[in-house]
Amino acid sequence: MPVARSSRVYPLTLKNDPLNVGILAAFDFAAENGSTDADNGKDHSGNARHFTAPAVAPLIVQTSAGKGRDTSSGRSTTTGFYYAAGAGAVGMAVGTGDFTIFKRIRTPSFAPAATLERNIGRITDGGGEKVVMRLYEVTSTGKWHWTSKVGASNFLLWNSPGAPGFLPNAVTSLHITRTAGVLKCFVDGVLIVTRNGDTTDFLATNGGSQTVVGNYGSSNSVDVVHLDEIYWSRGLSDAEVAAHAANPYDYYENGVAPNSIAISAPADGTTFGTSVPIAGTYAGAGVPTAIEASFNGGVWQVIDADPGEGTFAGTLTGQTPGTGTLSVRWANATSVTDTATGITVVSSSIEFTAPSTQQSAVPYRTFQRNASNQASVRISGTYTGTPSALQYRWRGGAWMTLDAAPTGGAFDKTITLSGPGQGDIDVRFANSTGVSATIATVGVGDVFMVMGQSNHVGKSGAYVQPVAPAANPAWVSTKLNKNGVWAQHQESASDKFDNSTAATYGVQIDPTPLGSYFGALATKIMDGGVPVAFVPCAVGSTSMAAWAASTDTTKLYGAAVARATQIGDHKAVLWWQGEADTEGSLTKAQFVTELNGRVNDWFTRFGRKWFVWAINVTGTGANFTAIHDAIVQVGQTNPNCGGYADLNGAFSSSVHYGTVSEINEIANRAFVPLNAAYSYVAEDETLEMVGSLTISNVTSSGGTLSWAAATGSSPATGYEVSINSGTDYEDVDNVLTVDVSGLQPETVHPVRVRAYSGSGLRSAPLSGSLTTVAAPGGGEELSFTPSPARTLTVSPTSKALTGGPWWNLGNPAKPRGAKDPQATLDVTLNWGPWLADVGNPPIAKFTATIFGVMQVGAFAEGALTTMVFSGATAAEATITFEIETATTPPLKDERTVYIDLVNQ
């Protein structure tokens, strides 16, 4: 990328670029410091002032309009902004007839007040003016116009067709170029005028009378700001002019950041075994395709085939013992190198082995934490040399003894790691600490088995990557691929969550995996302070019958059992299946029996619970209700089920979720029962909207919605707004202009706003209504009555009941699930702002309807009302509140709130 002129490093060395051929002088006047003429203007050779004035030195200062302004007095052709006597001495008397002049200027800061010329450049010799460039101040146009003269004739006048004009303070680039008698003028790379048959030489050889002058003449020129100047002894083509006008400084070597590489480890004088770990940084305009390393002049070896954002790390293996220089370089720019000296390689080394045991540490392995947040981890391998002891550390912590007396060239130890956490395991010789080896990215956290059909494979064309938590920015989500190899969990078109390549068990192959919701879910779990891993076992279009309990690894259930046994322990099973059975004839009772059987069998084998996701109706068959309700029943009643999420309504395009917003919605719902069971997020971490929703300034062409900012322990990162439950506006500020031109008159349109945070929390919604009114006289124009600002707060008064739920307003009309719902619901209402809006009159009546039953509540003058609703047994409740004043006529307000019952 081009370097800003204010940051330019001198000299301005020319790159090997065709545009640079024939440059006589190049000046960057904007890089001057604005103090004295001796420091002003740099050329491509690094000289402070290539041209010097023999008489009065100009004073070039920085003003509000910019640098490069000549404020000297008494200027003439020998005392201008820059000046050269005997210009032939600087290579300008070439006599070829071909030339190019480039200038970038800023026009004066005021509008034209007269029709006057302002000279901005001049080349003369003993035979007279050769080239003159000037601005005309023209009151009739109110602009500054460029004109030019070559030899004795003007070829671009301010009133000529196509003559360019510029407003005050305009920055523009100007080129005059001539090739083989064809003279052209360009403005900002665009050709303005062409003249043929010109044969005047650029500069004849006439001794001391040769002069090159800029910004000369009377005080009329004082306000023209000169930024850049370049002179060529050849004419540029049209394409070259356009390219140069786009960025003239792209043709200097320091016009782009130089490519570089630096070793940060190892330090000079370090000793290693035959494998040398190397890390460092790189920078520049380019990007290395790979990083290579060499020791002592040996063969170059790729140590990092995919360097990160400005960093690299890798290991140079199989090196011959000796002392010498360690070198690294860009694979695609081998001249970009760095070295570390005095590096010693000894014959000692450490190599890890990975026996097939449940406790073996391998890269990207996540171990299931126990109740004490610990895991037993086996580390085994071989070594050469004579270590006095072997030491280890995890996550860069203190070094501890792994083997106090190693013998026989091998080690095999089991250690205890205390998490939750994630990081590298390093092992080294105690007496030669440079002899070391690393197992990268080993975690202690939660591991989930992923089972079911296609929505647990992932069939979305969208991909949501896992994001490391702010408190642990180096964490990554991990997975056990279907080939039995631990890997980083990616969500991309080139590295999908469910990778069936070389699957250990053929029954687990799904031929068309795409994006899943597990990246978004991993982000939420890691935000809770726990590293997470997944073990994909799902396969698309599989029925409940295909998941019959078994230990046969040619069967889906048996293969999943084998993979769960391989890792030793896991947190729980995540189950999403049932769409295939909506095309069948299983009754609700039959599906309940089948699903209970799988849940109970797994708990008997592993002592781990299932979390079941109730399927979405979209794209499913006629038997949806039986299957959906059966899953909900198992989630509510089976003690070996840790919870459930109802995904009905989570997506609407097909049987598979597809968009980023749908992925995030599913992750939000899945996280609720997991969080309820495992407390990833503390109970007091909420996102709450306080204040009101205001609808105002509404016309037939649009209206303004505004709402109070969200408050809570997790700050809002965005908002979701819906009108008529159909149009969603996401990531908006606290004010939104909405197009309402399509709304029908005489209609009430419900409006909801809720906040959300980066951790996926959703606030209770603010609700209001937009009422359209027909125009007087039956005209077509719509008018609208804005709703007054109102506040409605609905919150639980108690969560003390054992096993009881809490009332969650974060997902209106889309229940996330319930288990053992309590029989009563206490709701506290705040009508204070509404009462203030209508003058705080006395209240005549207050009612509420839930489950279709109206209840009358006593109203206290404090504007707070507590109502107890009995029989709250459904997972979803719709409550309508109505308040009426004792005035004549009475004032009324009605509000509907959707409540989801979620496990506490």
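The model is predicted: local features need pLDDT of at least 70, side-chain atom pairs count only at pLDDT 80 or more, and totals for chains, interfaces and linings use all residues. Residues are numbered from 1 along each chain as its sequence is written, and side-chain values use heavy atoms, with hydrogens and water left out.

The secondary structure of the chain comprises eight helices and 56 strands. These are DSSP runs numbered from the N terminus (helices H or I, at least four residues; strands E, at least two). Of the 904 residues, 50% are buried. Buried means under 20% relative accessible area, exposed over 50%, and partly exposed in between (1.4 Å probe, protein chains only). The accessible surface of the chain is about 35700 Å², and carbon and sulfur atoms account for 51% of it. Areas were computed by the Shrake-Rupley method with a 1.4 Å probe; for residues, only the protein chains shown count as cover. Among contacts (heavy atoms within 4.5 Å) between residues at least 6 apart in sequence, 69% join residues at least 24 apart.

Strand β6 spans residues 99-106, and eight of its eight residues are buried. Both faces are covered. One side carries Phe99, Ile101, Lys103 and Ile105; the other carries Thr100, Phe102, Arg104 and Arg106. Strands pair if DSSP finds at least two bridges between them. Eight bridges join β6 to β12 (residues 171-179) in antiparallel fashion. Here Arg106 stands opposite Val171. Seven bridges link β6 to β16 (residues 225-232), also antiparallel. In β16, Ile230 is the bridge partner of Phe102.

An open sheet of three strands has the order β17-β19-β22, with antiparallel pairing. β17 (260-265) and β22 (311-316) stand at the edges with a single partner strand each, so one side of each lacks a neighbour in the sheet. The twist averages 30° from one strand to the next. Such angles run from 0 to 180 degrees between N-to-C directions, with axes fitted to C-alpha atoms, for helices over the stretch in contact. β19 (residues 276-283) and β22 share six bridges. Gly280 has Phe312 of β22 as its bridge partner.

Lys496 sits in the loop between β34 (486-488) and α3 (518-527). Lys496 counts as partly exposed because its relative accessibility is 22%. Not counting residues up to four places away in sequence, Lys496 touches Tyr463, Lys479, Gln490, Pro513 and Leu514. The C-alpha atoms of Lys496 and Ser516 are 8.2 Å apart, across 20 residues of chain.
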